[in-house]
Amino acid sequence: VAVTGCAGEVSVEVADDGPGFDPTALTADGHFGLDWMRERVELLGGNFEVRSAPGRGAVVRVSLPLTQLEYSGG
């Protein structure tokens with residue numbers, strides 16, 4: 001797991017050396033976790049990337065913009 005930040009964004013990368021998988025086959029298989037993660041990241045203006053292949057482990061990388069929340073004073 002690695003967390004970095006620079007130039008107004010934060011990035012989180014999770015990697016393993018497990019059995020890997022075909023990222024394009026996830027929704028057809030009934031696994032929706034990564035798709036839901038992608039949706040939430042993109043709703044926040046970020047980028048979501050999955051790299052994996054059978055027998056090659058996996059890397060999931062998320063980059064999110066750092067924004068300042070505006071307080072309306074209520």
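The model is predicted, so local features are reported only at pLDDT of at least 70 and side-chain atom pairs only at pLDDT 80 or more, while totals for chains, interfaces and linings use all residues. Residues are numbered from 1 along each chain as its sequence is written, and side-chain values use heavy atoms, with hydrogens and water left out.

We can start with the sheet. Helices (H or I, at least four residues) and strands (E, at least two) are DSSP runs numbered from the N terminus, and two strands count as paired if DSSP finds at least two bridges between them. Four strands form an open sheet in the order β1-β2-β4-β3, with antiparallel pairing. Because β1 (2–6) and β3 stand at the edges with a single partner strand each, one side of each has no neighbour in the sheet. On average, neighbouring strands of the sheet are turned by 15° against each other, direction ignored. Helix α1 packs on this sheet, where it touches β3 and β4, and its direction makes about 150° with that of β3. Axes here are lines fitted to C-alpha atoms, for helices over the stretch in contact, and angles run from 0 to 180 degrees between N-to-C directions.

The pairing of β1 with β2 can be followed residue by residue. Five bridges join β1 to the antiparallel strand β2 (residues 9–16). Alanine 2 stands opposite glutamate 13 in β2, and glycine 5 has valine 10 as its bridge partner in that strand. Alanine 7 lies in the loop between β1 and β2, and its phi is near 50°, a positive value in a residue other than glycine. For context, most residues other than glycine have a negative phi.

Alanine 7 is exposed at a relative accessible area of 80%. Of the five residues of β1, the number buried is zero, so the strand lies largely in the open. Serine 11, by contrast, is found in β2 and is buried, with a relative accessible area of 5%. Its side chain and that of arginine 61 are joined by a polar contact of 3.4 Å; such a contact is a pair of N or O atoms within 3.5 Å, and within protein one must be able to donate a hydrogen and the other to accept it, with residues adjacent in sequence counting only if both atoms are side-chain atoms.

The largest nonpolar core has six residues: Leu34, Val41, Phe48, Val50, Val60 and Val62. A core of this kind is a set of buried Ala, Val, Leu, Ile, Met, Phe, Trp, Tyr and Cys residues joined through side-chain atoms within 4.5 Å. At least two of the core residues come from each of α1 (33–43), β3 (47–52) and β4 (58–65). Leaving aside neighbours within four places in sequence, valine 60 is in contact (heavy atoms within 4.5 Å) with residues including Val12, Val14, Leu34, Phe48 and Val50.

Finally, proline 19 lies in the loop between β2 and α1 and counts as exposed at 69% relative accessibility. Proline 19 and serine 52 are 33 residues apart in sequence and 9.2 Å apart in space, C-alpha to C-alpha.

Note on methods
Buried means under 20% relative accessible area, exposed over 50%, partly exposed in between (1.4 Å probe, protein chains only).
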